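Colleague: I would like to learn how to read the features of a model like this one. Could we go through them together, step by step?

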Amino acid sequence: MGLSADRYLDDSRELTEAVGRLLLVGFEGREFSEIERLVAEVRPAGLIFFKRNYPPDGGPRELKTLIESAQALAQGLLSRRLFMAVDHEGGRVQRLPAPYAKLPAAGTLTGLEAAGAAAWQGARELAATGFNFNLAPVLDLADPAGSFMGDRAFSADPCQVAAFGRATLAAFHRAGILGAGKHFPGLGAASLDPHHELPVIAVDVRRLTEMELAPYQALMGEELMAVMTTHALYPALDADRPATFSGEIVGLLKDEMGFGGAVLTDDLEMGAVAKNYPLGEAAVAAVRAGHDLALICRRRECID
């Protein structure tokens with residue numbers, strides 16, 4: 001690919017070592033002691049931050065200190081750096097409050113220049129705080145009939161989604177932030193929210209290829225270095241398993257489409273998974289399906 005993961009970690013070999021544990025994990029609270037336990041006992045590939053981890057009194061300065069301390073600990077204990085991740089799309093999905101700039105939702109952006117400017121502003125703030133991984137942009141297609149995704153999607157046109165995604169990822173990379181296109185193979189047509197239930201997306205292979213997969217294919221070999229799959233069932237691709245656990249769907253991305261970057265799950269604690277699969281088994285099944293990272297955003301007992 002045009003860019004290498006060693007821009008985000010000190011050495012590309014570290015990425016291989018990092019996914020040896022295969023976990024990107026969340027934690028409660030704002031205390032460094034919690035991070036110390038996670039790094040020492042779980043030895044994760046990285047941490048993911050939410051508003052619950054934001055120190056309201058110390059703000060960005062204290063958050064930066066927390067992240068820098070975590071990186072120093074990981075370097076000393078694990079001989080590698082960690083992914084420091086956050087969902088910072090803009091609009092409804094932006095975990096860091098003021099004084100971080102409130103970014104516009106993808107669907108409200110008026111053009112590529114506006115998309116790049118918003119992504120650049122957000123990415124600079126993330127990088128200044130110590131983050132190196134933003135779980136964005138959304139590459140799902142907007143559904144003209146309405147979808148729970150709403151204005152999180154750039155457009156219903158796959159060419160426009162690819163163009164906006166390219167502008168966003170380019171801005172991330174200028175700031176030294178790794179982005180992750182999501183939610184593969186496409187969540188725009190879902191009527192159910194996988195945070196709560198398992199969607200079934202009953203579209204045929206031709207529609208998937210020409211529409212949902214097109215933004216990913218257009219960005220192959222460019223800025224797209226990480227892709228997040230989704231907790232949804234696609235009968236046309238795999239009648240039995242949702243994308244999270246489907247070797248066929250992950251294989252479509254890695255083998256047929258030629259994606260050479262990191263593939264990660266969405267949060268395995270979301271209702272679509274947690275209501276149907278034990279979380280420990282879910283993480284193993286996701287890795288066996290070909291994922292490089294499994295995302296667990298809150299519950300420590302699911303990691304131990």
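Colleague: Among contacts in the protein between residues at least 6 apart in sequence, what percentage join residues at least 24 apart?

Modeller: First, a word on the source: this is a predicted model, where local features need pLDDT of at least 70, side-chain atom pairs count only at pLDDT 80 or more, and totals for chains, interfaces and linings use all residues. Residues are numbered from 1 along each chain as its sequence is written, and side-chain values use heavy atoms, with hydrogens and water left out. A contact means heavy atoms within 4.5 Å. Among contacts between residues at least 6 apart in sequence, 74% join residues at least 24 apart.

Colleague: How many helices and strands does the protein have?

Modeller: Helices (H or I, at least four residues) and strands (E, at least two) are DSSP runs, numbered from the N terminus. Here there are 10 helices and 11 strands. The radius of gyration, taken over C-alpha atoms, is compared with a globule rule of 2.2 Å times the number of residues to the power 0.38. The protein has a radius of gyration of 18 Å, close to the 19 Å that the rule gives for 304 residues, so it is as compact as a globular protein of that length. Along the principal axes, the C-alpha atoms fill a box of roughly 50 × 45 × 35 Å.

Colleague: What percentage of the 304 residues count as buried?

Modeller: Buried means under 20% relative accessible area, exposed over 50%, and partly exposed in between (1.4 Å probe, protein chains only). By that scale, 56% of the 304 residues are buried. Accessible areas come from the Shrake-Rupley method with a 1.4 Å probe, and for residues only the protein chains shown count as cover. The protein exposes about 12,200 Å², and carbon and sulfur atoms supply 51% of it.

Colleague: Which residues lie nearest the centre of the largest cavity?

Modeller: His88, Glu89, Gly90, Phe154 and Thr168 do, out of 22 lining residues. β4 (88-90), α4 (112-129) and α5 (158-174) each supply at least two residues of that lining, and α4 gives the most, with six. The lining of the largest cavity divides into 15 nonpolar, five polar and two charged residues.

Colleague: And which residues line the second largest cavity?

Modeller: Phe148, Arg152, His183, Leu187, Asp193, Pro194, His195, Asp266 and Met270. They divide into four nonpolar, two polar and three charged.

Colleague: His183 is in that list. Where is the place of His183, and which peptide bonds are cis?

Modeller: Most residues other than glycine have a negative phi, and most peptide bonds are trans. His183 sits in strand β8 (residues 181-184), and the bond from Lys182 to His183 is cis, with omega near 10 degrees. The bond from Phe184 to Pro185 is cis too, with omega near 0 degrees. Pro185 lies in the loop between β8 and α6 (205-212).

Colleague: What is the phi of Arg43, and of Ser79?

Modeller: Arg43 has a positive phi of about 55 degrees although it is not a glycine. Arg43 is in the loop between α2 (32-42) and β2 (46-49) and is partly exposed, at 38% relative accessible area. Phi of Ser79 is near 60 degrees, again positive in a residue other than glycine. Ser79 belongs to the loop between α3 (59-78) and β3 (83-86), and at 49% relative accessibility counts as partly exposed.

Methods. 1 Å grid on protein atoms, 1.4 Å probe; cavity = no way out; pocket = protein on both sides within 12 Å on 5 of 7 lines; lining within 4 Å. Nonpolar A, V, L, I, M, F, W, Y, C, P; charged D, E, K, R; others polar.
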